[in-house]
Amino acid sequence: MRSSIEEERFYCIGCAGEGIMTVRFIYRADVIRIYGAGYWRKGRRIYEEQNQVY
């Protein structure tokens, strides 16, 4: 098993319906491996105000 210290982690944020969703993933052997996904709660209001999301 590889250590998370050795692997570069990536994050993707986008709109899903009326919510904001985050997906956390890594590239391993030319394959994208998702290790977490969920709706974003913390900071949502700040994000929406700064990016004029309605």
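**Notebook: one chain, three strands, one helix**

I looked up the surface first: the protein chain exposes about 4,900 Å², and carbon and sulfur atoms supply 51% of that area. I note that this is a predicted model, so every value here is computed from predicted coordinates.

Next I checked burial. The protein chain has 54 residues, and 13% of them count as buried.

I then looked at contacts along the sequence. Among contacts in the protein chain with a separation of 6 or more, 13% are between residues 24 or more positions apart.

**Elements**

I listed the secondary structure: one helix and three strands. Reading from the N terminus, I get the order β-β-β-α.

**The sheet**

In what order do the three strands lie in the sheet? I found E1-E2-E3, in an open sheet with antiparallel pairing. Strand E1 (9–16) and strand E3 (31–39) are the edge strands, and each of them pairs on one side only. I also looked up the angle: neighbouring strands of this sheet are turned by 25 degrees against each other on average, with direction ignored.

I went through the pairs one by one. E1 and E2 run antiparallel and are joined by eight bridges. In this pair I picked out Cys12, which stands opposite Val23 in E2. The two strands form a hairpin, with two residues between them. Gly17 sits in that turn and has a positive phi of about 65 degrees.

Strand E2 covers residues 19–28, and its pairing with E3 is antiparallel over eight bridges. Here I noted Arg24, whose bridge partner in E3 is Gly36.

One general point for my own use: side chains in a regular strand alternate between the two faces of the sheet.

**Cysteines**

How many disulfides does the structure hold? I found zero. As a reminder to myself, a disulfide is a covalent bond that links the sulfur atoms of two cysteines.

Technical notes:
Residues numbered from 1 in each chain as written. Predicted model: local features only at pLDDT ≥ 70, side-chain atom pairs only at ≥ 80, totals over all residues. Heavy atoms only, no water. Helix = DSSP H or I, 4+ residues; strand = E, 2+ residues; numbered from the N terminus. Buried < 20%, exposed > 50% of the residue type's maximum accessible area, 1.4 Å probe, protein only. Contact = heavy atoms within 4.5 Å. Areas by Shrake-Rupley, 256 points an atom, 1.4 Å probe, with all protein chains shown as cover. Disulfide = S-S within 2.5 Å. Pairing = 2+ DSSP bridges. Axes fitted to C-alpha atoms, helices over the stretch in contact; angles between N-to-C directions.
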